[in-house]
Amino acid sequence: MLGSLMSYSPSVDSKTENTDELIATGVLASLQNFIRKCIVAVLSYGPMPKHIAFIMDGNRRYAKFRSIQEGSGHRVGFSALIASLLYCYEMGVKYITVYAFSIDNFKRDPTEVKSLMELMEEKINELLENRNVINKVNCKINFWGNLDMLSKSVRVAAEKLMATTAENTGLVFSVCMPYNSTSEIVNAVNKVCAERRDILQREDADSVANNGVYSDISVADLDRHMYSAGCPDPDIVIRTSGETRLSNFLLWQTTFSHLQNPDPLWPEFSFKHLVWAILQYQRVHPYIEQSRNLAKKQL
Ligand SMILES: CC(C)=CCC/C(C)=C/CC/C(C)=C/COP(=O)(O)OP(=O)(O)O
């Protein structure tokens with residue numbers, strides 16, 4: 001009953017002339033919103049995650065099982081993403097991060113890569129067109145990854161969206177593309193080295209020893225140069241389609257993250273799955289906090 005209410009999405013067909021049907025649709029939508037708000041209120045009694053990261057797996061399989069065009073799976077996946085963002089927003093989850101395109105995805109069939117990139121560009125441009133709404137809800141959008149690997153048009157659109165939303169202080173939505181964790185770490189190491197080279201080349205190089213330029217690179221040095229700098233580590237990582245690997249996603253940031261591997265494919269991921277993931281997180285929260293505190297003491 002709850003599942004069908006949550007997955008129900010009212011669509012008003014222009015041909016629908018039956019007033020009773022329209023009223024029923026409106027009532028059902030209001031009921032759906034009311035139930036969702038009640039569930040969120042109950043959930044909020046427990047510890048709520050600040051940051052949820054998603055590995056949106058299973059879009060191609062969704063298309064295959066439904067015998068629809070392969071690219072359509074990613075399109076439905078984008079709708080599932082927007083719905084999840086709205087649910088997280090309602091729940092007060094401040095940081096959402098998604099693995100949208102791994103560097104390894106460039107090894108896929110060129111037509112698939114092309115159609116995925118076209119979809120990204122189309123959706124980023126749609127977000128740009130709706131920048132007023134995004135700014136109204138105070139949402140900041142980041143792109144984490146090696147943007148130089150993108151075509152110029154996708155890169156420019158992504159950079160524009162980042163710049164347009166940079167001053168927003170509410171929900172932070174980070175899109176990892178083209179991303180993998182090992183290149184993020186290598187990038188951070190190179191940034192620290194470049195920073196130190198810069199200091200050394202300055203005229204007052206004599207005083208740099210005091211700035212720690214000759215000391216070993218520390219975790220804090222690398223933290224400052226991760227794409228995720230300034231963002232708390234994810235409390236929950238959700239990988240759909242039952243896959244249990246992290247696949248080179250946020251390896252630096254997930255020491256204390258609670259991993260969830262729900263069975264549905266990403267386009268099928270809905271409110272009830274998100275609620276279930278948060279309930280599971282709340283169940284293990286005391287143990288996670290204990291481990292985190294122990295690690296702090298040992299430092
Ligand atoms: C602008 C923006 C943020 C767009 C996001 C669109 C979107 C849903 C991208 C997912 C991309 C991707 C490679 C998912 C993994 O599923 P898969 O293709 O590997 O499918 P499979 O697991 O069934 O093989």
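The chain is divided into domain 1 (49-179 + 232-298) and domain 2 (181-226), with bounds taken from an automatic or database domain assignment. This is a predicted model, in which local features need pLDDT of at least 70 and side-chain atom pairs count only at pLDDT 80 or more, while totals for chains, interfaces and linings use all residues. Residues are numbered from 1 along each chain as its sequence is written, and side-chain values use heavy atoms, leaving out hydrogens and water.

The C-alpha centres of the two domains are 30 Å apart. Eight residues from domain 1 and nine residues from domain 2 make the contact (heavy atoms within 4.5 Å). About 690 Å² is buried between domain 1 and domain 2, with 56% of that area from carbon and sulfur atoms; buried area is the accessible area (1.4 Å probe) that two parts lose on being put together, summed over both. On the domain 1 side, Tyr179, Asn248 and Trp252 lose the most area to domain 2, together 75% of what that side buries.

Now for the ligand. There are 16 residues around the ligand, of which Gly58, Arg60, Arg61, His74 and Arg108 come nearest (a residue counts if one of its heavy atoms lies within 4 Å).

| Residue | Distance to a ligand oxygen |
|---|---|
| Aspartate 57 | 2.9 Å |
| Arginine 60 | 2.9 Å |
| Arginine 61 | 2.8 Å |

The protein covers 94% of the 620 Å² of accessible area that the ligand has on its own (Shrake-Rupley method with a 1.4 Å probe).

Conventions
Polar contact = N/O pair within 3.5 Å; in protein donor to acceptor, adjacent residues only side chain to side chain.
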